[in-house]
Amino acid sequence: MEGNYNYYIVALSVVIAILASYSALSIAAKISHSNGRSRFFWLLAGSFVMGTGVWSMHFVGMLAMHFQMPVKYDVPMTLLSMLASMISSFIAFYITKEKDIHWYKIGIGGLIMGSGIVTMHYMGMEAMIMPVELTYDKGWWVLSVMIAFAASFAALFLFLRFRNNQSPFSWLRWMSAVAMGFAICGMHYTGMKAAKFHSHSEMIMESDPYANFFLLYGVTITIFIILFVSWGAVFFDRHVLEKMAYQDGITGLPNRNEMNRFFDTYIGDEKIGVLFLDLDHFKAINDTLGHHTGDLLIQEVGLRLKKFIKKDQQAFRIGGDEFLIIVKNCDQKRAERLAEEILLSIKEVYQIDGNELYITASIGISISSIKDSERSMLLKTADTAMYKAKGLGKNQYCVYNDTMGMKEIRKMELEKDLQRALKDKQFYLMYQPKWNVKTNKLAGFEALLRWKHPRLGVISPAEFIPIAEETGHIVPITRWTLEQACIQCKEWQEKGDIHPISVNISIRLFQTDKLADFVQSVLEKVELDPNLLELEITESMVLFDVEDIVRQLQSIRALGVKISMDDFGTGYSSIGLLDRLPIDSLKLDRLFTNDLETPSKRAIINAILLMAENLHLDVIAEGVESREHIESLTQLGCNVMQGYYYGKPMESEDVDDWVKNNKERALDFVANTVSEL
């Protein structure tokens, strides 16, 4: 006997298969782009939607066939058939969950999913309790199995298509879902075609409404479950995963993504204040106590910043030790008051893992409306003001202004042009003389770097040297300076003029750990006597790594090169290290040559000279500009001097003329000064 189909219900089964396929494809797009628990969630949701969707389509298809006989269902077996479909889908998805997989895994996954669908279908057929004998046509049965495997391979292929390339075109996903839906339905109705129902002649043919109600309720509930799971997946994606994407994992504050979304969706035209906060010396804590302690400190800072979150102001962690506070309807007074409160809160002591930690912050403030200023400009100006605050001594705030902006633009331009300055030969050296009052002789020259910008003219070293230090360009620039100074010194020597040369050395060259080798290679290349070369280091340089600095200085002195400490007394005090440092002389900054008539200043210089004498160090006074300076310094015992009185920095072509024209005048003045004493 054969049943009759209700084609409206058949159409419904096709729609269910298509909708289930579309939901499964949408969920599968999330699997390989997630990790940990979220990946397991998407695996479970995808396999549930796929398994129950196929099962629902199967029993709606059963409902579409009308038998003139009583039909009941074995409930446990019916539920087992649904479980078989779900488990096979889960295993298939699990095998193919990675982004890059081999094709044989798709084959295994398709085989497992197809087997699950076949098991589900024919177990569902066996769950039918009817007063007939059920047999199968082998040809149609084999065809249904082949269609099941083909549909499974196609399903996995489409899943991979949408996982590895999440197409933004929904129509493509719908077309794929339609193809999957028809394939699944094709398997079901082919299997139904294979079924043969053999009735007995004495059987009373009557329908049993129980079967219809069972199928109706069961499928309705299942479809609602599918919708619930799909809705739950969307909710999870939009809320749970969104929270993970837009919230910082350490502090719980909104992250950079949320900050970008704020600017993307903000439509107000009122002025907003942006406070860019960066912790001072945070790297030192990370390096000394470890990243775990650093993360705990960041977490505590985040907790303190949460206290400043209100309806119209929000705090964000945008990376590392950087935070951003955005204030709506903000003026400068409100921003400054908020910055002061934040600074006071940040610098309070932190108790972390048994350590008492103290840290401060620098804050840059920028105030504007988004309509008047682009988002990037607003953030950039706040960042600029923050670095200005750091330059002013840290633990303070700074409000951005136009003057600061012009300086920043100029700095960016110089930073960009520095890359070509050396290649285009825009640097040149000038030489300032040093005079020995005691011997009435020229003590040598200091080589001073200058930059002649093709458009901006001569740039002061005080402006471009810090930029070169920050960008790392100082390393090749200093190497060029050293080599050019040695070449010039050799040229003087070949003309019979012995003029020792001194060159300033950046800490960056010590960090390369190849300074001694480079100095030796330059001396050998130029064939210069090492005694004619002096390297000048800054006082604060020795605080980076004392042992390493001492080791490198010893290697340089072993070559015969002299070492001088420049700007002594103006940086971090290194008096306690002077007996360990392999140096030959100290250079007093011009700060000490001012107000020499004051007793306190003279007492300080006298103490330095006495200390240098006991350590067998020469002392050179910078900034000598008048006879009074020379008289006072000579009385105190300082013999070597450098300054505008003897000569301003000059180019190499002018050195010979200076030596000829100024030596007699200098000697006469020194002789008169000594005779008067």
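Helix 9 and helix 10 are oblique to each other, because their axes cross at roughly 140° and angles over 145 would be needed to count as roughly antiparallel. Keep in mind that this is a predicted model.

Let me stay with that pair. Helix 9 covers residues 282-289, and helix 10 covers residues 291-306. Their axes come within 6 Å. Who makes the contact? From helix 9, we have Phe-282, Ile-285, Asn-286 and Leu-289. From helix 10, we have His-291, Thr-293, Gly-294, Leu-297 and Ile-298. By class, that contact holds five nonpolar residues and four polar ones. Charged residues are absent from it.

Now step back to the whole chain. There are 677 residues, and 49% of them count as buried. The secondary structure comes to 21 helices and 22 strands. Next, contacts between residues at least 6 apart in sequence. Of these, 75% join residues at least 24 apart.

On to the second largest pocket. Its volume is about 570 Å³. The lining has 28 residues. Which lie nearest the centre of the pocket? Those are Ser-585, Asp-618, Val-619, Ile-620 and Val-640.

Several elements give two or more residues to this lining, among them strand 14 (427-436), strand 15 (441-453) and strand 21 (618-621). Helix 19 gives the most, with four residues. That helix spans 599-614. By class, the lining divides into 13 nonpolar, eight polar and seven charged residues. So much for the pocket.

Technical notes:
Residues numbered from 1 in each chain as written. Predicted model: local features only at pLDDT ≥ 70, side-chain atom pairs only at ≥ 80, totals over all residues. Heavy atoms only, no water. Axes fitted to C-alpha atoms, helices over the stretch in contact; angles between N-to-C directions. Parallel < 35°, antiparallel > 145°, perpendicular 65-115°, else oblique. Contact = heavy atoms within 4.5 Å. Nonpolar A, V, L, I, M, F, W, Y, C, P; charged D, E, K, R; others polar. 1 Å grid on protein atoms, 1.4 Å probe; cavity = no way out; pocket = protein on both sides within 12 Å on 5 of 7 lines; lining within 4 Å. Points joined across faces, edges and corners; volume = space filled by probe spheres on them. Buried < 20%, exposed > 50% of the residue type's maximum accessible area, 1.4 Å probe, protein only.
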